Amino acid sequence: GATYSLNDHQNLYLSYSVANREPVRDDFTDNPGNTPKHETLHDFELGYRRASDWITLNVNYFFMNYKNQLVLTGALNDVGASVRTNVDKSYRMGIETELLVKLNEHLTWNANLTLSENRIQNFTEILYDYGVNWDDFIVVENKYEDTDISFSPQVVAGSGLTYTPFSGGEITLLTKYVGQQYLDNTSNNDRSIDAYLVNDLRLAYTIYPSFVKSLSFSLLINNILDEKIESNGYTWGYLGGGDTYRENYYYPQAGTNFLGMVTVKL
């Protein structure tokens, strides 16, 4: 990597890195007879940074090129467990932006935004057809090109607006947006998680008594608007009796909830 300083407050950077990851144990034990290959990632990054007394900005372009990424295809082993398969070519590409602005002596805003494209160039989905009378076992392959990687939203954004009414006290409004995510690698809207927006509120107060370095009290009120959202899930499909069946399962998140915390630094 290399960094070029434009002046005392700004710089440009460029980096290239390679990472390899071995398959996990389950890729061998859950898929007997298959020899999974290790994943290879070539990562290119180009960015701009700016830092001053009142603003910090970082804009980063990334291109993550995968070779033999391990993904779920719908294939099952002999006991019904899902197994992962290498796909030859896939990538993640996008722009990440981070911003911190000191609006005045009491108000600070930080935000982040990621826009990305996450694709598999050639993907083969595996389904099982049990026949009209439910007494067959036929492997069905559906081929897709340039399809979205599952659980990879194109838009992720966050915001934190912090108000400091007095020394040691903070009130922060936290906002998070996550775009649509697909439950599998077929880019089908019927098998996806809807985009969601959630707001949290954090109240914090810190004192500095003589017997410890600091004593902090905080209260986090999560999902203050009581939004009904799901953040994860999975999908399942098969054929039988002359019909195709698709089943989606979701993990709903809690409505408004509270978390209190006391932190002591000795």
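Please keep in mind that the model is predicted. I start with the whole chain. The protein has 266 residues, and 33% of them count as buried. Its secondary structure comprises 16 strands and 1 helix. The radius of gyration is 24 Å, whereas a compact globule of 266 residues would have one near 18 Å. The C-alpha trace spans about 75 × 45 × 35 Å along the principal axes.

Strand β1 covers residues 2-5 and strand β2 covers residues 10-21; the two pair in the antiparallel sense, over 4 bridges. Between them lie 4 residues, and together the two strands form a hairpin. Within this pairing, tyrosine 4 stands opposite leucine 12 of β2.

Now the aromatic side chains. How many aromatic pairs does a search of the whole structure find? The search returns 15. One of them joins tyrosine 16 and phenylalanine 44, with ring centres 4.9 Å apart and planes at 35°, so this pair is tilted. Tyrosine 16 sits in strand β2 and phenylalanine 44 in strand β3, residues 39-51; the two are 28 residues apart, and the pair links distant parts of the chain.

A second pair is stacked: tyrosine 128 and phenylalanine 137, at 5.1 Å centre to centre and 20° between the planes. Here the two partners fall into separate classes. Tyrosine 128 has a relative accessible area of 8%, so it is buried, the limit being under 20%. Phenylalanine 137 reaches 56% and therefore counts as exposed, for which the limit is over 50%. Both residues belong to one aromatic cluster, together with Tyr130, Trp134, Trp236, Tyr238 and Tyr245.

Last, the surface. Which residues form a nonpolar patch there? They are Leu103, Trp109, Leu161, Leu173, Ile224 and Leu225, and together they have about 490 Å² of accessible area. I will pick out leucine 225 from that group. Leucine 225 is placed in the loop between β13, residues 214-222, and β14, residues 230-240. Its relative accessible area is 53%, so leucine 225 is exposed.

That is the end of the talk.

Terms used
Residues numbered from 1 in each chain as written. Predicted model: local features only at pLDDT ≥ 70, side-chain atom pairs only at ≥ 80, totals over all residues. Heavy atoms only, no water. Pairing = 2+ DSSP bridges. Phe/Tyr/Trp six-rings, centres within 6.5 Å; stacked < 30°, edge-to-face > 60°. Buried < 20%, exposed > 50% of the residue type's maximum accessible area, 1.4 Å probe, protein only. Patch = residues over 30% accessible without salt bridge, like charges linked within 9 Å, V, L, I, M, F, W, Y side chains within 5 Å. Areas by Shrake-Rupley, 256 points an atom, 1.4 Å probe, with all protein chains shown as cover. Salt bridge = Lys/Arg side-chain N within 4 Å of Asp/Glu carboxyl O. Rg over C-alpha atoms; globule rule 2.2 N^0.38 Å.
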